[in-house]
Amino acid sequence: MRVVAPTLTAILIIIMGLGGCASRAKKVSKDPAKDPAVASASVKSKKKSNSNISPARARRANPTAQIGVNAFLWRATLDTLDFLPLLDSDPFGGTYVTDWHSVAEKPDERFKVQVYILDTRLRADGLSVQVFRQTKDASGGWVDASVDPDTSIQIENAILTRARQLRIAQLESK
């Protein structure tokens, strides 16, 4: 559905306009000791990987396998970020990564979003969103720039709102 996407597009356009005003960049750490979201994901992936079978091979072996994360959060992520070009997604591992995207109003800036669904339950702490921003330098190359920390929270809230809508719609249809 396109109910949430235009609102999120407007949020990104506003944030892109204010992005240069942010004084702090959100640091993305792959070290589990520094980033609880990475720690949760790495612990969960260690629990899942009890065998040497790849997720793709396991899906082929069992074509009726269920999605590995909360289905409402997954569907809400797809619905909310459908205006961004998709780079990679894994519904069994709960990762959704967009490619870089620029809007016509600001061609010298681009954004990329990574979403990690960390739980099988519909919970706010079962979702982690990271937003990356780049701007063009004088030579025309892309350099990392700061992102307002509220951007990730706004996208998380949009996904959670959509997930709740999907859950309520399912309950009402029964």
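In which helix is the place of Q154?

Reply: The model is a predicted one. Q154 has its place in helix α5, which spans residues 149-173. Q154 is partly exposed, with a relative accessible area of 33%. The C-alpha atoms of Q154 and V129 are 9.5 Å apart in space, although 25 residues separate the two in sequence.

Together with V113, V115 and I159, V129 has the most contacts inside the largest nonpolar core, a set of 22 residues. Two or more residues of this core come from each of α4, β4 (106-117), β5 (127-136) and α5. Helix α5 gives the most, with five residues.

I159 shows which residues come together here. Apart from neighbours within four places in sequence, I159 is in contact with L73, A76, T77, T80, V115, L127 and V129. T77 is buried, and its relative accessible area is 0%. Beyond its neighbours within four places in sequence, T77 is in contact with Y96, V115 and I117 as well as I159. A polar atom of the T77 side chain also lies 2.8 Å from the backbone oxygen of L73.

R162 and D79 meet in a salt bridge, at 3.1 Å from N to O. Because R162 belongs to helix α5 and D79 to helix α4, this pair ties together parts that are 83 residues apart in sequence. Both residues count as buried, since the limit is under 20% relative accessible area: the value for R162 is 7%, and that for D79 is 6%.

D79 forms a salt bridge with R75 as well, and the closest N and O atoms of that pair are 3.1 Å apart. R75 and D79 are four residues apart in helix α4, so about one helical turn separates them. R75 is partly exposed, with a relative accessible area of 40%.

The structure holds five salt bridges. Another of them is formed by R121 and D119, with the closest N and O atoms 2.8 Å apart. In that pair R121 is partly exposed at 47% relative accessibility, whereas D119 is buried at 14%. As for R75, D79 and R162, salt bridges that share partners join these three residues into one network.

In short, helix α5 gives five residues to the core, and through R162 it is tied to D79 in helix α4.

Conventions
Residues are numbered from 1 along each chain as its sequence is written. This is a predicted model: local features need pLDDT of at least 70, side-chain atom pairs count only at pLDDT 80 or more; totals for chains, interfaces and linings use all residues. Side-chain values use heavy atoms; hydrogens and water are left out. Buried means under 20% relative accessible area, exposed over 50%, partly exposed in between (1.4 Å probe, protein chains only). A polar contact is a pair of N or O atoms within 3.5 Å; within protein, one must be able to donate a hydrogen and the other to accept it, and residues adjacent in sequence count only if both atoms are side-chain atoms. Contact means heavy atoms within 4.5 Å. A nonpolar core is a set of buried Ala, Val, Leu, Ile, Met, Phe, Trp, Tyr and Cys residues joined through side-chain atoms within 4.5 Å. A salt bridge is a side-chain nitrogen of Lys or Arg within 4 Å of a carboxyl oxygen of Asp or Glu.
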